[in-house]
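Welcome, and take a moment to settle in. Please look over the sequence and the model below, and then we will walk through them together.

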Amino acid sequence: MNDLFSKVSSIECDSIETWQDKIFLTFDIDWAHDDVLSDTIDLVESYDVPVTWFVTHDTPVLNRLRDDPRFELGIHPNFNFLLQGSEVGGKNAEQVIETALEIVPEASSVRCHSMAQSGVLLNQFKEYGLKYDCNHFIPWHSGIDLRPWKHWNGLIKVPHFWEDDVACIEEDDKPLVELGNLSGLKVFDFHPIHIFLNTEVLDRYEQTRPLHNNPKELIKYRYEKSGTRNRLLELLS
């Protein structure tokens, strides 16, 4: 296994060697079709690196992830329906968290869809036995050297400094290899759909939404030049 890469669960706030000079690959699976998700798994498996996957839904592909000791699963609960006044995903925050943990009972980390967070949610995460909260995005170009820290309730906060969809919005083409050489905590956030499409601008993602569950057609819209997939491959290699 590549020692340069590590899992979120290996981070200890008081042990700088657990995160300094390490790269943390995280993936929000965001309800990706099994073939889209498997495409990303195939890619990272070929590089023998540890990965933290934030899970949105139950799928047989989770068994494949669990069978690989290089991988770990966290939860990616969606509180957006509640914020919109809908009970589609649960009547309250507790139900949303419980549903996510029913799918991934072994989870120690959480990153919410849309990075929703509040003091109430953080306390609930702690009460449900989660250890790592990964809901802060502080972009690399802020110039801030990141590090993990302990929330007052004991959760370990793990911010990320690069996210593929935001890079597409900002047209941020900074080589990820260069970012991997920066000091401080280096957590990258990818999404399988953007890797599959090799997204370079979000219009590609938005315009192909009707095909996201039809990978045989969706593959025809994969960007042929430099995009998210290329950037991940450059980082891995």
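A residue is called buried when its relative accessible area is under 20%, exposed when it is over 50%, and partly exposed in between, using a 1.4 Å probe and protein chains only. This is a predicted model, in which local features need pLDDT of at least 70 and side-chain atom pairs count only at pLDDT 80 or more, while totals for chains, interfaces and linings use all residues. Residues are numbered from 1 along each chain as its sequence is written, and side-chain values use heavy atoms, with hydrogens and water left out.

Let us begin with one residue. His194 counts as buried because its relative accessibility is 4%. You will find His194 in helix 8, residues 192-197; helices (H or I, at least four residues) and strands (E, at least two) are DSSP runs, numbered from the N terminus. Which residues is His194 in contact with, leaving aside its neighbours within four places in sequence? With contact meaning heavy atoms within 4.5 Å, they are Asp164, Asp165, Thr199, Leu202, Tyr205, Thr228 and Arg229.

Now for the strands. Strand 3 (residues 51-55) is largely enclosed by the rest of the structure, because five of its five residues are buried. In a regular strand the side chains alternate between the two faces of the sheet. In strand 3, Val51, Trp53 and Val55 lie on one side and Thr52 and Phe54 on the other, and all are buried.

Two strands are said to pair if DSSP finds at least two bridges between them. Strand 2 (residues 23-28) pairs with strand 3 in the parallel sense over three bridges, and Phe27 has Trp53 as its bridge partner in strand 3. Between these two strands, the chain passes through helix 1 (residues 34-45), and this β-α-β crossover is right-handed. That word applies if, with the strands pointing away from the viewer, the path from the first strand over the helix to the second runs clockwise.

On to strand 4, residues 71-75, where five of the five residues are buried. Phe71, Leu73 and Ile75 point one way, while Glu72 and Gly74 point the other way. Strand 4 runs parallel to strand 3, and five bridges join them. Trp53 has Leu73 as its bridge partner in strand 4, and Val55 stands opposite Ile75. Together with helix 2 (residues 61-66), strands 3 and 4 make a right-handed β-α-β unit.

Strand 10 (residues 187-190) is covered on both faces: Val187 and Asp189 on one side and Phe188 and Phe190 on the other are all buried. Strand 2 pairs with strand 10 in the parallel sense over four bridges. Strand 9 also runs parallel to strand 10, joined by two bridges. What is the bridge partner of Glu163 in strand 10? That partner is Asp189, which is also the bridge partner of Thr26.

On a 1 Å grid over the protein atoms alone, a cavity is a set of points where a 1.4 Å probe fits but cannot get out, and a pocket is an open set with protein on both sides within 12 Å along at least five of seven lines; lining residues have an atom within 4 Å of a point. Grid points are joined across faces, edges and corners, and a volume is the space filled by probe spheres set on the points.

The largest pocket has a volume of about 530 Å³. Its lining has 25 residues, and Asp30, Trp31, His113, His191 and Tyr205 lie nearest its centre. Helix 8 and helix 9 (202-207) each supply at least two residues of that lining. The second largest pocket has a volume of about 210 Å³. Of its 14 lining residues, Thr56, Pro77, Asn78, Val96 and Thr99 are the closest to its centre. Helix 4 (residues 93-103) provides the largest share of this lining, four residues.

The largest cavity has a volume of about 50 Å³. Among the residues that line the largest cavity are Phe137, Trp140, Trp162 and Glu163. Helix 6 (164-170) and strand 9 (162-163) each supply at least two lining residues, and helix 6 gives the most, with three.
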